[in-house]
Amino acid sequence: MSATDTENDGGRAAGPSPADRRAATRRRLKRIGGVFLSLALTMLGLLLVTFIIGRVMPIDPVLKVVGDRATQAQYDAAYVAMGLDQPLYVQFIRYIGDVLTGDFGRSISTGQLVINDIKRVFPATVELATLGTLIGVLIGVPLGVIAAANRGGWVDQVARVVALIGYSMPIFWLGLMGLLIFYGILGWVGGPGRQDIIYSGMVPTVTGLLMVDSLIAGDWGAFKDAFSHIILPASLLGYFSLAYISRMTRSFMLEQLSAEYITTARVKGLSERGVIWRHAFRNISIPLITVIALSFGSLLEGSVLTEIIFSWPGLGQYVTKALLAGDMNAVLGGTIVIGTCFVGLNLLSDLLYRVLDPRSK
Amino acid sequence: MSDVQYQSRRDWLLTDAPQTRRQARLGAIYQGWLTFRANKLAMFGLVILILLIVMAIFAPLLAPYSPFSQDLTNRLQPPGAANWLGTDHLGRDIMSRLIHGSRITLFIVGTVALIAPIIGLFVGTVAGFAGGWVDQVLMRITDIFLAFPKLILALAFVAALGAGIGNAVLALAITAWPPYARLARAETLTIRNADFIAAARLQGAGPMRLLIGHIWPLCISSLIVRVALDMAGIILSAAGLGFLGLGAQPPMPEWGAMISDGRTYILDFWWVAAMPGLAIFIVSLAFNLLGDGLRDVLDPKGAKE
Amino acid sequence: MNKLLNTRAILLASALAIAPAAYAETPADVLVVAHTIDDIISLDPAQSFEFSGNDVSNNTYDRLVDFDPLDLDKGFQPSLAESWEVSEDGLSITFTMREGVTFHSGNPVRAEDAAWSLQRAVKLDKTPAFILTQFGFTADNVEQKITFEGNTLTLTMDKPYAPSFVLNCLTANIASVVDKELVMQHVEGEDMGNTWLSNNDAGSGAYVLASWTPNEAVQLTAYEDYFQGAPAMKRVIVKNVQESSAQRLQLEAGDIDVARNLTPTDVEAVSASEGIKIQDEPRGRILYMGLNQKDEVLSNPAVIEAMKYLVNYQGIADSFLKGQFMVHQSFLPSGYLGALDEMPWTYDVEKAKALIEEAGMSGKTITTKVRDLREYVDVAQALQASMAEAGLTLNIEQMTGAQVLDAYRAREVPIFLGEWGPDYSDPNTNAATFAYNPDNSDEANATGLLAWRNAYAVPQAMGDATVAATLEQDGDTRATMYQDIQRQYQAEAPIVPLFQRIEPTGLREGVENWQSGKTVTSVIYRAVTKGE
């Protein structure tokens, strides 16, 4: 952003009056303000929809708190304590006010502050999503590039089949089978959960990412253990993002390879490898980053089914469980995190476009 | 002119100089079909889907047993002569359930694939065409729905409306439309200021007519590609809902629910979960192959060099 | 720059220093348990009422009377109270406290702590408070009714209840003795330490709460100064593992010592594996079928009788519920005082069909809601099939537990299939809900009573008998009274007990003296040992 701005200003540096400058700044501020306003509106809308869903859902959160055996008096006391006796709009305004002061309320299904719950579950999801995306990128991008370079050849066909199978597998089934084979029969990977019990609580929490924390603590054994637990679910998620990323890379590359400048480069006698990697690939990096960001974002939502099957204490599982228990504070908290991630990633890829793509100026 | 009579129909379709608009249009479709047919994988997908439809239509004739009849003494039998794909935990014939389940799968996919793109098309084209605050409002709403985690939104709707196949379809449609709206809006923006639209406007066409008569037809081909590619995702999401017990209700043989049934037996009686898993896999693979082939034919950007 | 170097140095050092460590089994003094523990909301014994919460509190706290983990059938035994005496008029019980017992904090356990704990539970009035308040204690009078003097504690009740009834209730978690001095340091406003105790322990039990991570794990460490001797297992780790198949794989791999949620097929499979044994314990939960009397079809006496013939009791118990449930047709679980083992009903579709036709109910349709738990849905599907044969159509809607419960409490579930777990180890816990419903009107809103939820107007005589049984001082007579009530119940009630829960626990070979708590209490870890 800043690079573009100085360039713009530099271009006009010859003679703009201070007034012009101020106007330009004002315009820019206004645009940034507009972006933030629309972001805020999106988040508010997101929360409102969630809030309404929570209220029309035929699940009684009070019952979850006081339990089946509660007397009417106990029930009523909890009902009032949770603020449910207030009109809906009052509840909503109160909630927004609380959120703005950093108070996300208390979850009724864990009895903890929502903010603490999220601090615990979100890193688990981030760790899984990051490794999954990493696998997807490291394999998917070269696969897509090679497939595009050999269009119609056997690599292309294999890449297509690999990707389409990735799109077509029910992940919960694949997860169960993977667990059975690689953990149950072969014993190559760790079982469900984030670490062996022997290591639980051994590594002090710094980032919440177990692999990072164990490195910080210098505990190589804990690192290996965490890795052995994450590798299977991350590979599964990685396979799905691989499928998506390789297909997108392929079609971006095809578009570039048919462009005129490539023909020119070829005519000039550049090696095929140079043409593909140095020219075509460099040009697809911007849309590719968007694709990767989107794929990362969808994994950050927490892959509910994968988390359930691998007993992975992540955000997806947390929100799903909360939803089915009518635990709206937890659901709303989770929605804020997921919504922020989505909006943030979108904003980031927009910015990258503006900064990196010469055409968008 | 007189040559025309002796031409084969093939040549007529493939001629470089079509005589009528109809001939040109049919010719383009035929050309597309030839491209599509050359794609073996796509043809494979098409054949599987045709088989699936046939299976769904003639399910009662094809299924060896009733999909509901239980036999507790004959439960969890491995695939064999009597039950080709084995029996489940209540002694029901898995093959018969899979065959009847194809109807549910087709119903879900068909309905969602009809509802979601239409909502998306409507919202997207109106937003793109109208511009201004209408665009702003509609796109904010689209963003809100996009920012929701899909499965969780579907879960919330099903939980709010009550579990059942109809509500599951509705929930899936509600989560599936925003990308179509984005797509349709982008297409609309590129053609909104085209000359032929201006021409039509000069001829006195109202906004509704422009939208339906000129803009929608141009958006449809890219939407179709997108739908074909999304079908598999819809099947998998529906199966996911069924897996969580929020889709089709027992004893309906919905494939996802069947996997969920078999989940507890997966280590010792693998076929109970594996057979419906395989069925879902084959059908969504078929849809993906078909969609991939269709994209080569219909998507002007992706395929042609 | 400096920072970067540091990180690299650490990376290098750790890579070189630590050799790969493979743990084929858990350490000898650590017990690792896999269980679904996502139901814990609070660990305050005055509030906790979930199975997994009770599993924790049962080990971190002691009560005046407790069970012996090596022999639960002996019933309640002296624990923090050394002895007790019932007054002449039966209205009060005086306990003498054991000397020399200390809390985890090091504070001595006094009669004052015990009295304060019970008063606190009554005043906080959380869900399980009824276990104590049914003896006439209220927030206003409890300081007069529960008193201490020196090392004695006296409870004064409103009626001369059966002493076994009172003492059984005092084995419940809500009667746990908490460390008054410690809790008083953590009081926030009027909460009497509730917020703090939700995440912390202030008990004197054999284990100290080391940590609780919701939906993940509970860790306990041994209390070395425990008054009955320090436990052999120095650490107990309970890990939340949802899937039975995952628990099984971990048990087979030796990553865990105990698997508590194995499905029948997994039980069958692991019992064949080397180094693993299965321990079956009957639990208190009863799976029953409630026929809502507001439903026009289900309130027909002939249909009520027919429905009892439409459950394939043995077929179900031998197939998909095998090893998890046993056939049990009366409302007191076996193992309770006054339990009845008679099984008057059998599976007989023809007879049911005849009954239904005679009543002119053939062809009717019933739509019911079932919780989306495997067991319940399977039982519902089996019932659906046999009802179809007998001429009735049953539609099933699957829902989450919370949704079904909401509808059930609003009397809107026509055929309820689900479980009831006793709240305390006395027969009154079930009798008072199955066979007691003084006011069947909607306005009564007695949502706690199963009879009310099914709109079953319990006959006056049966209700009276239920009350009378709580006052009977003689144990044997009391047992006979409960058996008579259950026989009458079997003959006419529209609430039909079907099965009793059996809990199979998968254990590594060396694990001895595992105690899940049977019908009467929760898990007890302190007797567990691990040999070779």
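Reader: Is Met43(B) buried, exposed or partly exposed, and how is that read from the number of C-beta atoms around Met43(B)?

Author: A residue counts as buried if 20 or more other C-beta atoms lie within 10 Å of its own, as exposed if 12 or fewer do, and as partly exposed in between, with C-beta atoms placed from the backbone. Met43(B) has 15 other C-beta atoms within 10 Å and is therefore partly exposed. The residue sits in helix α3 (residues 40–57) of chain B, where helices (H or I, at least four residues) and strands (E, at least two) are DSSP runs, numbered from the N terminus. Its C-alpha atom is separated by 28 Å from that of Pro18(B), 25 residues apart along the chain.

Reader: What should I keep in mind about the model and its numbering?

Author: This is a predicted model, in which local features need pLDDT of at least 70 and side-chain atom pairs count only at pLDDT 80 or more, while totals for chains, interfaces and linings use all residues. Residues are numbered from 1 along each chain as its sequence is written, and chains are lettered from A and ligands numbered from 1 in the order in which they are written.

Reader: How do I read the packing of α14 of chain A against α7 of chain B?

Author: Two packed helices are described by the angle between their axes and the distance between the axes. Here the axes of α14(A) (residues 315–324) and α7(B) (residues 150–161) come within 10 Å and cross at roughly 10°, the axes being lines fitted to C-alpha atoms over the stretch in contact, with angles that run from 0 to 180 degrees between N-to-C directions. Angles under 35 degrees count as roughly parallel, over 145 as roughly antiparallel, 65 to 115 as roughly perpendicular and the rest as oblique, so α14(A) is roughly parallel to α7(B). Val319(A), Thr320(A), Leu323(A) and Leu324(A) meet Ile152(B), Leu155(B), Ala156(B) and Ala159(B), two residues being in contact if their C-beta atoms, placed from the backbone, lie within 7 Å.

Reader: Which residues have the most contacts inside the largest nonpolar core?

Author: In soluble globular proteins, nonpolar side chains tend to be buried together. A nonpolar core is a set of buried Ala, Val, Leu, Ile, Met, Phe, Trp, Tyr and Cys residues joined through C-beta atoms within 7 Å. The largest one has 350 residues, and those with the most contacts inside it are Val112(B), Val158(B), Leu172(B), Ile234(B), Ile235(B) and Ala451(C). Helix α10 (residues 220–257) of chain A gives the most to this core, with 19 residues. Leaving aside neighbours within four places in sequence, Val158(B) is in contact with residues including Ala163(B), Leu241(B) and Leu246(B).

Reader: How many residues does chain C bring to its contacts with chain A and with chain B?

Author: The contact between chains C and A takes 46 residues from chain C and 45 from chain A. On the side of chain C, α1(C) gives the most, with 6 residues, and the residues divide into 22 nonpolar, 16 polar and 8 charged. The contact between chains C and B takes 23 residues from chain C and 17 from chain B. There α14(C) gives the most to the side of chain C, with 7 residues, and that side has 7 nonpolar, 10 polar and 6 charged residues.

Conventions:
Nonpolar A, V, L, I, M, F, W, Y, C, P; charged D, E, K, R; others polar.
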